[in-house]
Amino acid sequence: MLSFQNPSALWLLTTLAVPVILHLLHRQKLQTIVFPTTRFLRLAQIPRDGRQKLNNILLLILRMATMTAVILLIAKPIYTKRIKLLDEDDKTAVIVLDTSASMATQDYLVQAKNNAKDTAKSLKNWKLAAVIADNAGNLFTTPSTNHDEALKLINDAKYSYLHGKHRKPIEKALALLGNASTKSLILISDFQYGDWAEKLEIVPDNVKLELKPTTPKQPRNNVAITQVDSRELGNQKIQSIVTLRNFTPTTQSRTVTVTTPGNTPQQAKVTLNPHALARTAFVFDKHSNDGEAKATIDQDDYPIDDQIHFWTIGFPPLKALIVAENENDEQLIYLEKAFNATAEQAQAAFDTKIASVDTLDDDIIQTQNIIAILSCATELDNTTWPKLKAFLENGGLLIVTPGDSPATDLVTLKNAGWDIAQANAIAKPIAKNASLGIAPLDQNSPLAQIFKDHEKHDLFTFPIRKHARLKNHTNTTTLLKSLDNLPLAIQYKHKQWNIVFFAFAFDRSWSDFPLTNSFLPLIRELVAALVPQNQGKKRFPCGQVIQDKNGNLIDTTKPSLAKLDDLYIEITPDYTESSIDTINLDDARKLLIAGDQSVASIDDDPAQPKQFHKLCAFLAIAFFAAELIVSAYSDKARRRQKITKTT
Amino acid sequence: MSRLAVEGYLTGRHKSLSKGYGGEFLQYRSYTPGDDPKYLDWKLFARQDTYQMKVFQEETQMKTAILLDASASMDYKGTQAPCTKFRYGQCIAACLAYLALKQGDQVAIITYADSVLSMASSTQANQSLSSMLAQLEQIKPNGTADHEKAWNYAQNFLKGRGMAILISDFHECENSLPKLLRTIRFGQRDTIVMQTLDQDEIKLPFLNSLKFIDSETNAEIPTEPTLIAEFFQEKVRDFIDAIKSECLTNQTDYLLANTSDNLAGALNAFLNRRQPAG
């Protein structure tokens, strides 16, 4: 049976009328000329040169044939041998129904089930089996001419929360096909890109592969809650930052609702740019019964990722170690005060310790989340640097402020093998009344989140007397910059390393940086934002195998909250399923079919659809070449004829 | 345009054929009794002892009527020609008028089709060459040509002796032309016929089948030019020869002006032919 992979291209056949119309118009039109006198002219039979006419018709036919071949090439014709339904006992078909999380989109599963039922009807005398693609391929029926069992399994199928992995279900289906003389594998899926990116190459050539995609209602949209980061604030409050992601190419708007124990639900409206992330923060009172909380957004075409469960307990304070040359160091006092503040504005809970450069030992270093080296990098001995490296490898945050001679500090870092420290010498005094101040880098920077409309705050305008002139490295981000666009704090983040360099010390000899309570949240929030989130919590996608100490498996089949030993864990949807991109069916076929798809092998198998694109391409070229030859011959003949006539 | 085209040709004044006693010395002749002794060459008599009378070329003012055909057939621009036949005729008329005026002659340009369309003459009050040409410029070719009517009108200007220059393609007037030329020549007028034709009209060089529409009668003839070209050329040759022959019979100068040819070339041919004998 002849069919087309791209049948809409057949509409192009209407363009065949164009050369015909042109031919007719050209034929009928005789040029006219107004001549001074016609009395010397005489009527002459307009030559109806038979050969010329024949040439013109031949040219027309060749042009139409060329166009037809090109259109067929675009339409991709395939010939599938008609399946004989009667008197054939050893014909087996297996329907594999995709139930991955992306099948929760719109009415995909209903469509897929209907598709499976229709397929089953067309396979009346076939043995039919069904496999539900639940990753493992454990749900299946054996081939039988009685289709009821297979249809029941399909009918009862529900979408899972898991990322689609189709190797095992397809292998199972191939096993069920056994040694049947005619084998047909029917895959019903949304062919979501994430599910079908892997190269499987497991379907043999002698199995007729049919791909039946679900059809989306346009336009599809999907916004997901990808994570909620919670932490305990210093004032008996809990802050939850909800991150949303827009998977569509259009701007989307959603209302986020966060429900926490003991508090009334809170809502916020968020607008997301195409394919962009957006965050919104909620602050709740801390209650003794804190625990399971939930964030939801308005349901869209893919509802699975519109809800997330998260913990509001289990936040150990951030362990911060402040290292200074002596305990009277002004910036040490300031930073300690900032970390320990419990005022209204306090944004994170810290467990702060103070150490001098002499008392730094490995046990202290490796248990910290944050280490601040305040203007004393040059004082650290050679044994401390490897310890700090190990600390960074474990995900710690290192904060470095320059000493009296910033260049020496940076040279020290370089000498310790930390090529990340790049700076032009420095501490250049700036004019006494220069008003530089700080400008948070952009609206997504941590400071801009706290101090919205920061330009209006006098707080941010103050003189800086001297500063280290920092130079951006490949893996650095500017966290703070002056109003003159000089980097004042840069973060080096590469692999596990997370270091923040300040261009000035928190010391009045460097600047009039307001070392007051009003500015404490700035430092606290900045530092807290830089520390990896979810201290004491872990997040896993659905389908991840998690075992506790006793070897008990934790159910990760759907988004939920669980406790793993002392750790609070959050099971979230697998966001690879959230993408609305689908794979091209040709590509899916290439990923599935084993071996080279040579024409010969397709021809050998009567069940395999025959493709004609090469033939179409050949014919298009042949017709075009023939057209050129006829055209050239025709021109030459016409010219010769004219020469004959004129002589 | 006219000034440029005639540059180099304006080398002398127009001379009267009648000899007399004023103007430029022409020749000697023997004294006959009754001659005015004022013109006797006394110096020659003193040297040679013969009585020789000095004969002078009399300088006269001449009238030139230029009749330009503005029928529809003149409005044809061939595939190789730079302009229409009428435009070509306009340029020739302008050049000749300039030349005549420079010589101090009187000139009139009469354009006509089935009636006289315009007449611009240097004898009219305030009529300069430029205003004559401006008048000429406004004419659009249309209709058929009535040469006789045009000549009757031109006689108002050219009553006595003078020169008549006819610029036309002379289509459909082989029969009427002899009579016309005789009429013009009757008053001992110098007559010049400039037959203006396009190369297409002579050769019929078209390669494709065409439907020809007669510019004056609107008759339509669909034909294959390559098939009838030979026949056509022969007919046109006969036509040109007939016109030429009539001109010869009536002592009229004939000039074939092909619009594909350089205008200066056509003028050169004309002026060379018009050089006075001797």
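Which residues does A:A372 touch, not counting residues up to four places away in sequence?

Modeller: This is a predicted model, in which local features need pLDDT of at least 70 and side-chain atom pairs count only at pLDDT 80 or more, while totals for chains, interfaces and linings use all residues. Residues are numbered from 1 along each chain as its sequence is written, and chains are lettered from A, and ligands numbered from 1, in the order in which they are written.

With that exclusion, A:A372 touches A:A320, A:I322, A:V323, A:L335 and A:I399 (contact: C-beta atoms, placed from the backbone, within 7 Å). Both A:A372 and its neighbour A:L335 are among the residues that touch the most other members of the largest nonpolar core, which has 122 residues; A:V94, A:I95, A:V96, A:L97 and A:L185 complete that group. Such a core is a set of buried Ala, Val, Leu, Ile, Met, Phe, Trp, Tyr and Cys residues joined through C-beta atoms within 7 Å, buried meaning 20 or more other C-beta atoms within 10 Å of a residue's own. A second, separate core of 62 residues includes B:C91, B:A94, B:L177 and B:F239.

In chain B, helix α3 covers residues 85-102 (helices are DSSP runs of H or I, at least four residues, and strands runs of E, at least two, numbered from the N terminus). Of the 18 residues of α3(B), 15 are buried. From first C-alpha to last, α3(B) reaches 26 Å, close to the 26 Å expected at 1.5 Å times one less than the number of residues. Just after α3(B) comes B:G104, with a positive phi of about 85 degrees.

Where the chains meet, the contact takes 19 residues from chain A and 27 residues from chain B. On the side of chain A that touches chain B, β2 (31-35) and α14 (613-646) each supply at least two residues, and β2(A) gives the most, with five. Strand β2(A) also pairs in the parallel sense with β9 (residues 210-214) of chain B over five bridges, pairing requiring at least two bridges found by DSSP. Within this pairing, A:I33 stands opposite B:F212.

Elsewhere in chain A, an open sheet of three strands has the order β1-β3-β29, with antiparallel pairing. Its edge strands, β1 (2-4) and β29 (610-611), each pair on one side only. Three bridges join β1(A) to β3(A), residues 77-79, and A:S3 has A:I78 as its bridge partner in β3(A).

Methods. Contact = placed C-beta atoms within 7 Å. Buried ≥ 20, exposed ≤ 12 C-beta atoms within 10 Å, placed from the backbone.
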